[in-house]
Amino acid sequence: MLTVTVLCVGTLKEAYLRDAVAEYAKRLSAYCKFQVWERKNEQLLSCLNPRAFKIALCVEGKMLSSEELAAEMEALPTKGVSEVIFVIGDSDGMDESVKKACDLRLSFSRMTFPHQLMRVVLCEQIYRAFTIIHNGKYHK
C-alpha cells in the first residue's frame, strides 16, 4: 500500500479547512496510508525521504490533468516507490533547495491560491486520483 504524505508549512487555523482535510484523510484510508505533516519552512528539506517520490507544488511546475496525476501515482509502485510526498510551501513560496530535492514540480494553475486552501485542494485531487485508479464513481 502506497504511503502518501502531504508535507506543509504551518497549521490550518480555520476549522472548516481542518474538517475538509480530515474528511479526505478518512476517505483516503481505503486506498493508502495517508498523513499530513506540518513543519516549519526550514524543516522541509530534512523531512524529504530520499527513497520517496517527492512532488513540490509550485506555480512554475508542470500542469497535469486529474487523469495524468492518477497515472503518475499508479505507476509509482511498479518503479519500486512506496511513498509519495507532496510539498506545499507557505505564503512566501518554497525554497529552491526544496524544489531541487523533489522529483516533480507540479502546478495546479498559473493563479495564486492561499497555501492553506491549497492543502484541501491537493487532498481532494489525491482522493480523485485514487478513485480514478480504482474505477470509482467519484470522478466524472
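**Figure 1. Residue classes in the lining of the largest pocket of the predicted model.** The lining of this pocket comprises 11 nonpolar, seven polar and four charged residues. In total, 22 residues line the largest pocket. Its volume is about 440 Å³.

**Figure 2. Centre of the largest pocket.** Of the lining residues, L57, C58, V59, T112 and F113 lie nearest the centre of the pocket.

**Figure 3. Secondary-structure elements that contribute to the lining of the largest pocket.** At least two lining residues come from each of strand 3 (53-63), strand 5 (104-107) and helix 4 (115-133). Strand 3 gives the most to the lining, with four residues.

**Figure 4. Axes of helix 1 and helix 4.** The axes of helix 1 (residues 15-28) and helix 4 come within 9 Å, and they cross at roughly 20°. Because angles under 35 degrees count as roughly parallel, helix 1 is described as roughly parallel to helix 4. The crossing of the two helices is left-handed.

**Figure 5. Residues in the contact of helix 1 with helix 4.** On the side of helix 1, the contact involves L17, A20, V21, Y24, R27 and L28. These residues meet Q116, L117, R119, V120, C123, E124, I126, Y127 and F130 in helix 4. By class, the residues of this contact divide into 11 nonpolar, one polar and three charged.

Terms used
Residues are numbered from 1 along each chain as its sequence is written. This is a predicted model: local features need pLDDT of at least 70, side-chain atom pairs count only at pLDDT 80 or more; totals for chains, interfaces and linings use all residues. Side-chain values use heavy atoms; hydrogens and water are left out. On a 1 Å grid over the protein atoms alone, a cavity is a set of points where a 1.4 Å probe fits but cannot get out, and a pocket is an open set with protein on both sides within 12 Å along at least five of seven lines; lining residues have an atom within 4 Å of a point. Grid points are joined across faces, edges and corners, and a volume is the space filled by probe spheres set on the points. Ala, Val, Leu, Ile, Met, Phe, Trp, Tyr, Cys and Pro count as nonpolar, Asp, Glu, Lys and Arg as charged, and the others, Gly among them, as polar. Axes are lines fitted to C-alpha atoms, for helices over the stretch in contact, and angles run from 0 to 180 degrees between N-to-C directions. Angles under 35 degrees count as roughly parallel, over 145 as roughly antiparallel, 65 to 115 as roughly perpendicular and the rest as oblique. A crossing is left-handed if the near helix is turned anticlockwise from the far one by less than a right angle, and right-handed if clockwise. Contact means heavy atoms within 4.5 Å.
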